[in-house]
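Dear colleague,

I am passing on the structure that we discussed, and below it you will find my notes on what turned up in it. Please read them alongside the coordinates.

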Amino acid sequence: MSVYSDILAQLSARGNLRRIPAGTAAGGETVVDLSSNDYLGLGADPELQRQFMSEESNRTLPLTSSASRLLAGRQEEYASLEALLEELYGRPALLFNSGYHANTGLVSALAGVAGCMIVADRLVHASIIDGIMLSKAPFTRFRHNDMDHLERILAKESPRHERLIVIVESVYSMDGDRADIDALVALKRRYPNVMLYVDEAHALGVEGPRGLGICRGAEGYGEIDVVVGTFGKACASMGAFAAVSAELKGFLINSSRSFIFSTALPPISAAWTEWVIRRMIGMDDRREALKALGRRLHSILSPLQPGTVVTPSHIQPLVTGDPHKAVALSAALLEHGFKVLPIRTPTVPPGTERLRFSLSASISPGQLDRLEDFFRNNEI
Ligand code: PMP
């Protein structure tokens with residue numbers, strides 16, 4: 001047996017072996033998908049795509065860029081999307097091919113210069129962790145959402161480094177809880193060599209004015225140095241952006257390796273993203289519907305886990321604390337018509353294995369009534 005099959009056998013014994021799940025999209029109309037990041041239901045809406053494709057100018061857009069952004073001949077669709085984002089965010093924006101490209105490229109470039117230390121929330125996404133590793137900068141993590149712990153670290157480290165990059169997510173991908181953006185800005189005011197970096201992957205489209213995320217509506221928005229948004233979730237597309245100062249944009253174009261050394265997204269993809277965002281900003285009705293579903297889901301899941309504080313968000317966990325249990329519960333739910341995927345280590349810390357429920361505005365309240373019936377009739 002090779003070392004690789006040994007590792008697979010160990011993962012299997014621990015209940016942590018991952019497999020690509022069977023698709024449920026085709027013919028799976030009876031399955032309620034509580035596992036996607038299509039928070040506004042736009043990805044599942046064929047009418048939107050039909051409308052986009054009904055315009056001759058969209059249908060004929062290139063399906064490949066054939067080069068990285070710095071070498072691509074065609075720039076209109078990227079420039080147009082960046083211009084829209086600049087208008088919405090009141091500062092320049094730079095596109096990336098995905099959220100993973102954005103975080104690895106941004107963090108490694110920003111923290112790769114001498115004198116930087118990174119201070120990240122304990123639960124930030126793997127793409128941020130990988131960016132930290134690539135940067136080779138010293139780093140530490142503060143306890144999840146614990147502003148006192150963060151402040152103790154800043155008090156100690158701020159005099160020792162030229163710059164401290166504090167990295168958080170505005171809505172956390174596995175728990176659905178939020179960072180306290182106002183408190184982070186207040187800390188930055190006390191420690192002026194702090195740079196604030198906020199990943200809004202799970203807030204874009206859902207939170208804040210016109211769905212532009214939590215930072216955009218914050219009183220201290222202008223003091224948040226880097227706002228990252230991703231298009232693969234509520235925006236029903238692919239790619240990501242960073243809203244930054246003109247100075248930082250220039251720096252990133254010259255130093256962010258995932259931006260420089262990877263083929264740009266197809267122009268049709270950038271055009272579709274822009275098309276969706278122009279509509280998404282007016283969808284407060286869908287955002288309201290999603291909030292109501294979040295409250296309803298909370299009334300179902302919260303009583304099942306006394307002692308665990310769950311935010312009534314569009315993402316909510318049901319922590320089993322055991323990978324085997326999470327897998328078994330997921331299978332039972334699928335049998336009853338609900339797709340909810342188990343989340344295991346290393347995505348979440350050991351002992352916090354869970355089912356991750358994520359909502360979409362296209363789900364009906366009646367479907368959540370059926371979910372409540374499932375938990376009434378089944379042991380967890
Ligand atoms: N940031 C966060 C917080 C995420 O949850 C994810 C993906 N789940 C990403 C970044 C990566 O985004 P993408 O899927 O576009 O690579």
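With which side chain does the side chain of Ser237 make a polar contact? The partner is the side chain of Thr273, at 2.7 Å, where a polar contact is a pair of N or O atoms within 3.5 Å and, within protein, one atom must be able to donate a hydrogen and the other to accept it, while residues adjacent in sequence count only if both atoms are side-chain atoms.

Please bear in mind that this is a predicted model, in which local features need pLDDT of at least 70 and side-chain atom pairs count only at pLDDT 80 or more, whereas totals for chains, interfaces and linings use all residues. Residues are numbered from 1 along each chain as its sequence is written, and side-chain values use heavy atoms, with hydrogens and water left out.

Ser237 lies in the loop between β7 (226-230) and β8 (240-243); helices (H or I, at least four residues) and strands (E, at least two) are DSSP runs, numbered from the N terminus. Ser237 is buried, with a relative accessible area of 15%, given that buried means under 20% relative accessible area, exposed over 50%, and partly exposed in between, with a 1.4 Å probe and protein chains only. Leaving aside neighbours within four places in sequence, Ser237 is in contact (heavy atoms within 4.5 Å) with Phe231, Gly232, Ser269, Trp272 and Thr273. Ala236, which is in the loop between β7 and β8, has a positive phi of about 55° although it is not a glycine, and at 18% relative accessibility it counts as buried.

Two further backbone features may interest you. Asn145, in the loop between β4 (139-142) and α7 (147-157), also has a positive phi, of about 60°, and is partly exposed at 24% relative accessible area. A cis peptide bond, with omega about 10°, joins Thr345 and Pro346, and Pro346 sits in the loop between β11 (342-343) and β12 (354-358). For context, most residues other than glycine have a negative phi, and most peptide bonds are trans.

An oxygen atom of the ligand is 2.8 Å from a polar backbone atom of Tyr100, a ligand nitrogen is 2.6 Å from an N or O atom in the side chain of Asp199, and a ligand oxygen is 2.6 Å from an N or O atom in the side chain of His202. The protein covers 82% of the 400 Å² of accessible area that the ligand has on its own, as computed by the Shrake-Rupley method with a 1.4 Å probe.

Best regards
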